[in-house]
Amino acid sequence: VVITGGIDLSVGATVSLSSVVAGWVLVKGLGLDSSITGDAAIPYVLLAVLVCLLVGLAVGALNAFLINILKIVPFIATLATMGAMTGLAIIISGGMPLQGPNNFKLGLPYNVFGVQLPISTTVLSLMIILVVCGLFLHKSKFGLYTFALGSNPFATRAAGISPAKHLTKVYMLSGGLAGLAGAYAYIRLGAGSPTNGAGMELYAIAATVIGGASLMGGVGRIVGVALGTLVLFTVQSGLLMVKVVTVSPSLKQVIVAILIAAAVAVQTLQKPGRK
């Protein structure tokens with residue numbers, strides 16, 4: 001989204017809504033509860049992942065509709081969606097977590113022959129998604145059109161590429177991935193909560209900008225964003241682990257804001273590197 005020159009402020013709300021809807025389907029729709037655990041919960045967890053993905057795609061399609069059809073700028077369109085989806089998540093859940101079937105082993109590191117590996121099923125899934133997205137962004141027409149749209153939308157249109165059609169794909173992809181993040185939150189916590197994605201839009205933008213993507217569009221690499229994410233959360237974890245100074249959890253947002261400002265300032269001071 002950022003490479004196209006847009007912004008998606010609704011990703012955090014989509015995480016919350018998708019996990020809540022998944023919890024509602026399992027708890028209210030199917031009448032299940034948290035007593036179903038382990039391997040018996042796997043089919044229901046897969047159903048939750050599917051529901052989260054569909055919810056995310058729907059939110060992305062709504063963002064694309066507001067931007068392409070109603071001609072609302074991405075910032076305002078996704079801001080409105082963020083507020084609406086946050087409220088909807090609270091309404092559906094009643095403000096309380098919906099605890100359903102879950103297999104917490106999916107979030108635990110593998111144990112092979114007594115050796116604990118620093119990777120879990122969810123982390124492995126994340127790595128696969130990252131590689132697939134990287135291939136699509138840098139080795140396919142989809143990625144080429146995305147960079148072209150962010151670099152020069154007029155030339156892109158003149159080349160026969162439909163900006164509206166491609167933006168729809170981009171925002172639906174963003175929503176779908178946010179939905180999968182909601183599935184991850186459900187698996188990790190064992191419940192769909194309206195607070196699962198609270199403030200995550202700030203972290204998403206920070207990781208993207210720190211990773212070298214330009215808010216002006218046309219510049220960015222998937223590896224940089226992955227490294228930006230690691231840097232962002234490593235800094236936060238480091239602050240929380242400091243024993244000398246007690247860091248307030250609220251201070252994390254201040255640190256994230258400073259990192260965003262610093263990253264954008266560095267990009268601004270550098271010479272443009274577009275082709």
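I started with helix α5 (residues 141-151) and α7, whose axes come within 11 Å and cross at roughly 110°. Angles from 65 to 115 degrees count as roughly perpendicular, so I logged α5 as roughly perpendicular to α7. The model is predicted, and I read every entry here with that in mind.

Next I listed the residues that make this contact. From α5 I noted F142, Y145, T146 and L149. From α7 I noted P163, H166, L167, K169, V170 and L173. Sorted by class, the residues between α5 and α7 are seven nonpolar, two polar and one charged.

On the α1 side I found V11, G12 and A13, which meet M200, E201 and A204 of α8. The classes in the contact of α1 with α8 are four nonpolar, one polar and one charged.

In soluble globular proteins, nonpolar side chains tend to be buried together. I asked which residues have the most contacts inside the largest nonpolar core. They are L17 and V55, in a core of 26 residues. I traced the contributors by helix: α1 (11-29), α2, α3, α7 (163-189) and α8 (200-210) each give at least two residues to this core. The largest share is that of α1, with seven residues.

Leaving aside residues up to four places away in sequence, L17 touches V55, V59, M85, L88, A89 and I92. I also recorded a second, separate core of seven residues, among them L66, I67, L167 and Y171. L167 had already come up in my notes as one of the α7 residues in the contact with α5.

Last, I checked backbone angles. Most residues other than glycine have a negative phi, and most peptide bonds are trans. K71 went into the notebook with a positive phi, near 60°, in a residue other than glycine. Where does K71 sit? I placed K71 in the loop between α2 (42-68) and α3 (74-93). Is K71 buried or exposed? The relative accessibility of K71 is 64%. The cut-off for exposed is over 50%, so I marked K71 as exposed.

Technical notes
Residues numbered from 1 in each chain as written. Predicted model: local features only at pLDDT ≥ 70, side-chain atom pairs only at ≥ 80, totals over all residues. Heavy atoms only, no water. Helix = DSSP H or I, 4+ residues; strand = E, 2+ residues; numbered from the N terminus. Buried < 20%, exposed > 50% of the residue type's maximum accessible area, 1.4 Å probe, protein only. Core = buried A, V, L, I, M, F, W, Y, C linked by side-chain atoms within 4.5 Å. Contact = heavy atoms within 4.5 Å. Axes fitted to C-alpha atoms, helices over the stretch in contact; angles between N-to-C directions. Parallel < 35°, antiparallel > 145°, perpendicular 65-115°, else oblique. Nonpolar A, V, L, I, M, F, W, Y, C, P; charged D, E, K, R; others polar.
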